[in-house]
Amino acid sequence: QVQLVESGGGLVQAGGSLRLSCAASGRTFSGYAVGWFRQAPGKEREFVARVWSDGSTYYADLADSVKGRFTISSDNARNTVYLQMNSLQPADTAVYYCAANRQALSSSRWSGAFDYWGQGTQVTVSS
């Protein structure tokens, strides 16, 4: 069983930056894909980014809407995955969720493929 805890959300002005953290407890992220999703009021949950490894190489996948502004990275020593968000826009306002998929090599952008979820952290971008 993996417990995920997100942190780093908050209120920021348009053009600003935030870094979200997803810390795992219970086991390491080794062999898992870790993703970030977000859900704005009245909208469906959407994929933001994911990171996974095949044992020797790390791979990252980002939604087109955040590509060039967000980056995802993994710190194995801290068992934490980060989502660095730059050039934030009001459209980025949402609750951001961290999720883990036990089958890293078969992971996808589909939220249903993720086995464990954090409680979410609110990101609000003011114009």
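An open sheet of four strands is present in the predicted model, with the order 1-3-8-7 and antiparallel pairing. Strands here are DSSP runs of E with at least two residues, numbered from the N terminus, and two strands pair if DSSP finds at least two bridges between them. Strand 1 (3–7) and strand 7 stand at the edges with a single partner strand each, so one side of each is left without a neighbour in the sheet. From one strand to the next, the twist averages 15°, where axes are lines fitted to C-alpha atoms and angles run from 0 to 180 degrees between N-to-C directions. Strands of a sheet pair through backbone hydrogen bonds, either parallel or antiparallel. Six bridges join strand 7 and strand 8 in the antiparallel sense. Aspartate 75 has threonine 80, in strand 8, as its bridge partner.

Residues are numbered from 1 along each chain as its sequence is written, and side-chain values use heavy atoms, with hydrogens and water left out. As the model is predicted, local features need pLDDT of at least 70 and side-chain atom pairs count only at pLDDT 80 or more, whereas totals for chains, interfaces and linings use all residues.

Buried denotes under 20% relative accessible area, exposed over 50%, and partly exposed the range in between (1.4 Å probe, protein chains only).

Salt bridges, defined by a side-chain nitrogen of Lys or Arg within 4 Å of a carboxyl oxygen of Asp or Glu, come to a count of eight. Arginine 69 and aspartate 92 meet through their side chains in one of them, at 2.7 Å from N to O. Arginine 69 lies in the loop between strand 6 and strand 7, and aspartate 92 in the loop between strand 8 and strand 9, so the pair ties together parts that are 23 residues apart in sequence. Both arginine 69 and aspartate 92 are buried. Arg69 and Asp92 are also linked with Arg38 and Glu46 in a network of salt bridges.

The side chain of glutamate 46 makes a polar contact with that of arginine 38 at 2.6 Å. A polar contact is a pair of N or O atoms within 3.5 Å; within protein, one must be able to donate a hydrogen and the other to accept it, and residues adjacent in sequence count only if both atoms are side-chain atoms. Leaving aside residues up to four places away in sequence, glutamate 46 touches Phe37 and Arg38, contact meaning heavy atoms within 4.5 Å. The C-alpha atoms of glutamate 46 and threonine 71, 25 residues apart along the chain, are separated by 16 Å.

A further salt bridge joins aspartate 75 to arginine 78, with the closest N and O atoms 3.1 Å apart. Arginine 78 is exposed, at a relative accessible area of 58%. In the salt bridge between arginine 102 and aspartate 115, the closest N and O atoms are 3.3 Å apart. Arginine 102 and aspartate 115 both lie in the loop between strand 9 and strand 10 (116–117), so the pair ties together parts that are 13 residues apart in sequence. Arginine 102 is partly exposed at 44% relative accessibility, and aspartate 115 is partly exposed at 32%.

Asparagine 101 is located in strand 9 (residues 94–101) and is buried, with a relative accessible area of 4%. Its side chain reaches the backbone nitrogen of glutamine 103 at 2.8 Å. Beyond four places in sequence, residues touched by asparagine 101 include Tyr32, Ser107, Phe114 and Asp115.

Aspartate 61, in strand 6 (residues 58–62), counts as buried at 13% relative accessibility. The side chains of aspartate 61 and arginine 109 make a polar contact at 2.7 Å. Apart from residues up to four places away in sequence, aspartate 61 touches Phe47, Val48, Ala49, Arg50, Trp52 and Arg109.
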